[in-house]
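Subject: Structure for your review

Dear colleague,

Please find below the sequence and structure that I am handing over to you. My findings follow directly after it.

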Amino acid sequence: MGSSKNAMTVANLTQAITLLLREEIGIVRVTGEISGFTTAASGHRYFTLKDESAQIDCVMWASRSLSFRPKNGMQVVVQGRLTVYAPRGRYQIDCDRMTAAGEGDLYLAFAALKEELAERGYFDPEHKRDIPSLPLKIGVVTSPTGAVIQDILSTLNRRSPHCQIYLCPATVQGETAPDEIAGAIAALQNTNADVLIVGRGGGSIEDLWAFNTLPVAEAIYHSRIPIISAVGHETDFTIADFVADVRAATPTAAAEIVSQCDRDTLLQQLDFWENRLTRSVQQEMQNYRQRLNSLTNSYALQNFSDRLHDRAQQLDEAEQSMQKSLARHLRQSATKLDSITAHLRSLHPLSPLQRGFALLKVGDLLLTNDQSLSEFAETFAKVEIVRSSEIAQVSIEKVIEKVYDRTE
């Protein structure tokens, strides 16, 4: 075994590797797709350059100028020296220059799906629905073990503890993530949730890729429940953000949106409406009290007994007038009836008997003036002379024609 005296230190080995990389390889130009691009507070940029089978860390100091804004998924060509980041023992490209070399595959796929869904109308404003102002049941689709669900729950518990949470867990990264997210959204359609939050924390474009897939976009578009998309950070935009009814910058922001009417605000509103209702009722009661007092003090009610006596007296007078009119009408009617009765009695066939006249009757036949007594003279029929109180039966011996009231 060799002595430790001959062994190199890690620092010395790292320095040797650094010199080897610089002298043997020198300046390199590498093309690849940007991933995990971040800009530190110091202005230095850190990212990974990758292709289908490999990746390498890159750093570009703040002193190096850029003519464009790098984005994850963008295809670029970087030029620089290979160095070793000694604290971690990782080699990287110290970039002096970066130029755009076309969009990355993921970005192209993102752009293609966005264009397709836009043509289908998935992003149309008229398809967007309003988020309920006071949701009481909130569905959440995210990882059950991540920080996102904790942020959402803590925000809702603090602002709206009265809300009921329906958590439908789903993997939010990886090959199965799109189907799990879409399935969770579909499962929540069977609940009475008022609004859904679908999201995850920040990450590279690869980490967020599940939210750029067609299954998730369709699940959001066909949801009957309004959906808030809360994916990544404020600068991250996904297809889910465009399809959703509302995009939140972060999951915590999504929880704040659905809890705009938090407990304190609700209590303030309840106090406001209670006071307003109380004032309204008191005002109405005051109005009715004034009207009641006005009616009570009115001339009509103050002199009600006098008016009642007047009406009673008028009623008596009307009754007396009616009785007089009725009596007069009865007398007139009785007089008219007597007149009609007398007239009818005068027209009765037996009425002349009361004045001394008599009727001639043969059998059942009453003789008229047109009948001559000579018709019965030869028949020896009995002629009855009928008076008012007696009847005489006579025989006709001879009939002499008599002429009355002849002037010649």
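I begin with a pair of residues in neighbouring strands: Ile-34 has Leu-49 in β2 as its bridge partner. Please bear in mind throughout that this is a predicted model.

**The strands around β1**

Strand β1 covers residues 27–39, and strand β4 covers residues 74–85; the two pair in the antiparallel sense over 7 bridges. Within β4, the residue opposite Val-30 is Val-78. Strand β1 is also joined to strand β2 (residues 45–50) by 5 bridges, and these two strands run antiparallel. Together β1 and β2 form a hairpin, with 5 residues between them. In the turn of that hairpin, Gly-43 has a positive phi of about 95 degrees.

**The parallel sheet**

Strand β6 (residues 137–142) runs parallel to β7, and 6 bridges join them.

**Two helices side by side**

As background, two packed helices are described by the angle between their axes and the distance between the axes. Here, helix α4 (residues 177–188) and helix α5 (residues 214–221) pack at an angle of about 10 degrees, and their axes are 8 Å apart. That angle makes α4 roughly parallel to α5. On the α4 side the contact involves Pro-178, Asp-179, Ile-181, Ala-182 and Ile-185, which meet Pro-215, Val-216, Ala-219 and Ile-220 in α5. By class, this contact has 8 nonpolar residues, no polar residues and 1 charged residue.

**Two buried residues**

Ser-160 lies in the loop between α3 and β7. Its relative accessibility is 2%, and therefore Ser-160 counts as buried. Leaving aside neighbours within four places in sequence, Ser-160 is in contact with Thr-155, Ser-259, Cys-261 and Asp-262.

Gly-199 is found in strand β8. Gly-199 counts as buried because its relative accessibility is 2%. Not counting residues up to four places away in sequence, Gly-199 touches Val-141, Thr-142, Val-172, Phe-211, Ala-230 and Val-231. The C-alpha atoms of Gly-199 and Thr-38 are separated by 21 Å, and these residues are 161 residues apart along the chain.

**The protein as a whole**

The secondary structure comes to 12 helices and 14 strands. Of the 408 residues, 31% count as buried. How far does the C-alpha trace span along the principal axes? The spans are about 200 × 65 × 50 Å. The radius of gyration is 61 Å, whereas a compact globule of 408 residues would have one near 22 Å. Among contacts between residues at least 6 apart in sequence, 64% join residues at least 24 apart.

Yours sincerely

Key
Residues are numbered from 1 along each chain as its sequence is written. This is a predicted model: local features need pLDDT of at least 70, side-chain atom pairs count only at pLDDT 80 or more; totals for chains, interfaces and linings use all residues. Side-chain values use heavy atoms; hydrogens and water are left out. Axes are lines fitted to C-alpha atoms, for helices over the stretch in contact, and angles run from 0 to 180 degrees between N-to-C directions. Helices (H or I, at least four residues) and strands (E, at least two) are DSSP runs, numbered from the N terminus. Angles under 35 degrees count as roughly parallel, over 145 as roughly antiparallel, 65 to 115 as roughly perpendicular and the rest as oblique. Contact means heavy atoms within 4.5 Å. Ala, Val, Leu, Ile, Met, Phe, Trp, Tyr, Cys and Pro count as nonpolar, Asp, Glu, Lys and Arg as charged, and the others, Gly among them, as polar. Two strands pair if DSSP finds at least two bridges between them. The radius of gyration is taken over C-alpha atoms; the globule rule is 2.2 Å times the number of residues to the power 0.38. Buried means under 20% relative accessible area, exposed over 50%, partly exposed in between (1.4 Å probe, protein chains only).
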